[in-house]
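Hi everyone, thanks for making time this morning. I'd like to walk you through one model, starting with a pair of helices and then moving on to the strands.

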Amino acid sequence: MQEIVEVIVSHVRSLVELMVDRKDEVIINHQLVPESATLLVNIRVADREFGKVIGRGGSNIKSMRTIFEAIAAKNRLRLVLEVADK
């Protein structure tokens, strides 16, 4: 299970870094909660990059959630993907 967690987190990081200008300020934290088979992924970016990750009307983050939730579900995980506002 740890392998799929690392794959998901790595791909989340890759996508977010492609969206923002300040790649060095991208911070991805994650926690696996074994009791509920839940992967919590928290994205932090520079304040002025926040809107790029969210997208107009939340379209970017909704798309990312859809993709990564499907991958997680296939591997019997629940995914919670959040963008932290500072």
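**Helices first, then strands**

H1 passes H3 in a right-handed crossing, meaning that the near helix is turned clockwise from the far one by less than a right angle. Before I go on: this is a predicted model, where local features need pLDDT of at least 70, side-chain atom pairs count only at pLDDT 80 or more, and totals for chains, interfaces and linings use all residues. Residues are numbered from 1 along each chain as its sequence is written, and side-chain values use heavy atoms, with hydrogens and water left out.

Back to our pair. The axes of H1 (residues 2–19) and H3 (residues 59–74) come within 11 Å and cross at roughly 165 degrees; axes here are lines fitted to C-alpha atoms over the stretch in contact, with angles from 0 to 180 degrees between N-to-C directions. The two helices are therefore roughly antiparallel, a label for angles over 145 degrees. On the H1 side, the contact (heavy atoms within 4.5 Å) includes Ile4, Ile8 and His11, while H3 brings residues including Asn60, Met64 and Phe68.

Now the strands, which are DSSP runs of E with at least two residues. S1 (residues 27–33) and S2 pair in the antiparallel sense over seven bridges; pairing takes at least two DSSP bridges. Leu32 stands opposite Leu39 in S2. Four residues separate S1 and S2 in their hairpin, and Ala37 in the turn has a positive phi of about 50 degrees.

What about S2 and strand S3 (residues 78–83)? They pair in the parallel sense over six bridges, with Leu40 opposite Val80 in S3.

Note on methods. Parallel < 35°, antiparallel > 145°, perpendicular 65-115°, else oblique.
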